[in-house]
Amino acid sequence: MQIDFTLSRNAFGRLVLTDASGVAHEGIVPVRAFPIAAPDEGLALVSTEGRELVWLDSVDALPEDMRALVRDELAAREFMPEVLRIKGVSTYATPSTWTVETNRGEASFVLRGEEDIRRLGGQTLLITDNHGIHFLIRDSGALDKASKKILDRFL
């Protein structure tokens, strides 16, 4: 793939895409096509007006310096801890406070209702807490026995 643009940060820390004709687009946002199923495949660089400026089949198609900028921007935008273990719940009725171990450390959140646990396909679940933060369970079948038992009471 021919890269005919550059990426940089401006003085305010915003991502800037300069296209082949030298036009600078400030405040661009990387958007994944499939953030859960295929996070490194299909990525658009979108203007502040929501217009797609560049489509990338893979973030790996970018040179290392631009790839790092895009990954940093995505990490700042996409805070979605992955649940590794459910340590406990305050009650089996909702709302309930869950204590979980995630790939980013231990966390507690309030689950408002069973409808805030969505099945994304197969064994993948997305839990939304009372603040709108999403917690991902990539494979509920891979959880330990105690975690599965707690989860089953809410599904």
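Predicted model: local features only at pLDDT ≥ 70, side-chain atom pairs only at ≥ 80, totals over all residues.
1. Residue G121 stands opposite T124 in strand 11. Strands here are DSSP runs of type E with at least two residues, helices are runs of H or I with at least four, and both are numbered from the N terminus. Strand 11 spans residues 124-128 and is joined to strand 10 by 4 bridges, the two running antiparallel. Two strands are said to pair if DSSP finds at least two bridges between them.

2. Residues are numbered from 1 along each chain as its sequence is written, and side-chain values use heavy atoms, with hydrogens and water left out.

3. Strand 5 (residues 41-46) is mostly covered, as 5 of its 6 residues are buried. Buried means under 20% relative accessible area, exposed means over 50%, and partly exposed lies in between (1.4 Å probe, protein chains only). Strand 4 (residues 29-32) is joined to strand 5 by 4 bridges and runs antiparallel to it; here P30 has L45 as its bridge partner. Strand 5 also pairs with strand 6 (residues 52-58), in the antiparallel sense, over 5 bridges, and in this pairing L45 stands opposite V54. Strand 5 and strand 6 form a hairpin with 5 residues between them, and G50 in the turn has a positive phi of about 90°.

4. Which residues of helix 2 are buried? In helix 2 (residues 145-152) they are S147, I150 and L151. These residues cover an arc of only 100° around the axis, which puts them on the same side of helix 2; the arc is that of the directions from the helix axis to the C-beta atoms. The face turned away from the buried side carries the exposed residues K145, K149 and D152. The cover over the buried residues of helix 2 includes strand 7 (83-89), strand 8 (96-102), strand 11 and strand 12.

5. The N-terminal end of helix 2 is capped by D144, a side-chain oxygen of which lies 3.2 Å from the backbone nitrogen of A146. A polar contact is a pair of N or O atoms within 3.5 Å; within protein, one must be able to donate a hydrogen and the other to accept it, and residues adjacent in sequence count only if both atoms are side-chain atoms.

6. S140 is located in the loop between strand 12 and helix 2. With a relative accessible area of 11%, S140 is buried. Its side chain and that of Q123 are joined by a polar contact of 2.7 Å. Not counting residues up to four places away in sequence, S140 touches Q123, L125, K148 and L151; contact means heavy atoms within 4.5 Å.

7. T102 lies in strand 8 and counts as buried at 6% relative accessibility. A polar atom of the T102 side chain lies 2.9 Å from the backbone nitrogen of R104, and a polar atom of this side chain lies 2.7 Å from the backbone oxygen of G105. Residues up to four places away in sequence aside, T102 touches P81, E82, V83, L84, A107 and F135. The C-alpha atoms of T102 and I86 are separated by 8.8 Å, with the two residues 16 apart along the chain.

8. Is T6 buried or partly exposed? T6, in strand 1 (residues 6-9), is partly exposed, with a relative accessible area of 44%. Leaving aside neighbours within four places in sequence, T6 is in contact with V16, L17, T18 and M66. The C-alpha atoms of T6 and L62 are 9.7 Å apart, although 56 residues separate them along the chain.

9. As to annotation, UniProt places the feature "domain: DUF1854" at residues 25-154, in an unreviewed entry. UniProt positions are given in the numbering used here, feature names are shortened, and annotations may be inferred rather than shown by experiment. Over residues 25-154 the chain is 17% helix and 42% strand, with the end C-alpha atoms 46 Å apart.
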